[in-house]
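Hi everyone, thanks for coming. Let me put the structure up on the screen, and then we'll walk through it together.

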Amino acid sequence: MNDSLKVKTSDIERLVKASQDGDRGAFDEIMRLYQRRAMRIAVRMLGNANEAVEAVQSGFVKAYLSIGKLREPKRFEAWFFRIVTNTAISQRRAAKRRAEKIKIVESYDGKKALSPVEKRIGEELKEAIQRAMLKLSKKQAKAIALFGIEDLPREKVAQIMGCSAEAVKWHVFKARQKLKVLLKEYLE
Amino acid sequence: MACVQGKAKIEGITERVFGMKKEEEKIDLLLKRNTSEQLAGVNWDELNAAISERLNQVQQSKTYGTRFPAILKIAAGVAAAAAIIIIAVMFWMDTPKAVRLENGPGAVVKFVEGKGSAKVEILDSKGQNNQIGNRSAWIIIRTREPEVADNGQSRDEADFACLL
């Protein structure tokens, strides 16, 4: 499935309605259509793919259990991303404690045949980004993940976050300010 | 002079704004790079299978929940009824039983330590009534003696308890 795939609203409406009628296949199709975007948001928020895998899995389970309550199928995307971001926020607490790694994600450094120094820097940077992301407030993490990486319009991010577009702008600004300080040595 | 100062100020502000913009862009680039590099290591098929597996488990528990609610309700009802009966029996065993003679006074039998069983028989002595109109009666209590010491000291204790 292509990363840049944009899902047609009519298609998703049809799939959501079918899922609400108990069609498991329709929900599997939704899962296939949204898993990459969900992962991207979760990785951005948590700074770690292993943690993101757990958040995305839980997000899909929550969505599956409560899809019957979604009144407007055309608003599925905002509804689902809200579930994913909230799950990732909950995951952040666990992420700070968790030491065990999930095997689904392989080390990307290993694939690129980097030198030992490059590998060390890459690993350091990855950890620094994760630590920095976990230091952002919940709203800042959500705003920068949705606005920065998904390139979603500010209004849509506001809809997902349940606040005004101006508030989104403010949270993104504050998040960038914090990240600038926390990742200073990697920006030069 | 003022014009030059103003120009320099504007240039300074512009430089700072552009500098900030550059830093913001760097932050975004760093995060985007980190995200895409981390996602490059994700095994999508495995992730898909893992989610499907969890959904299957959820679906299964949902199905059981809808298929067996009546059975669960009946089981809960039976358990509750059994609990009520047990409590009632325990309460009944611990309560002194009043035994009333026909047209005569009542007698109270309380088992020692609230345990055991006995057959109680009340026989009218058919004697004369006392001053306040009561008449004596025989109370016969038949119960099993302790098995541990049929002829020991406990036998006397049991008999004594019966006489009381």
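So, pLDDT is the predictor's confidence in each residue, from 0 to 100. Chain B averages a pLDDT of 70, and 54% of its residues score at least 70. Where pLDDT is low, the predicted coordinates should not be read in detail. For the complex, the predictor gives an ipTM of 0.76 and a pTM of 0.61.

Some bookkeeping: this is a predicted model, where local features need pLDDT of at least 70 and side-chain atom pairs count only at pLDDT 80 or more, while totals for chains, interfaces and linings use all residues. Residues are numbered from 1 along each chain as its sequence is written, and chains are lettered from A and ligands numbered from 1 in the order in which they are written.

How many residues of chain A are in contact with chain B? It's 32, and they meet 27 residues of chain B; contact means C-beta atoms, placed from the backbone, within 7 Å. On that side of chain A, α2(A) gives the most, with 9 residues. Helices here are DSSP runs (H or I, at least four residues), numbered from the N terminus.

Now over to α1 of chain A, residues 9-20. This helix has 12 residues and reaches 16 Å from its first C-alpha to its last, close to the 16 Å expected at 1.5 Å a residue (that's 1.5 Å times one less than the number of residues). After α1(A) comes A:Gly22, with a positive phi near 95°.

Definitions and conventions
Contact = placed C-beta atoms within 7 Å. Helix = DSSP H or I, 4+ residues; strand = E, 2+ residues; numbered from the N terminus.
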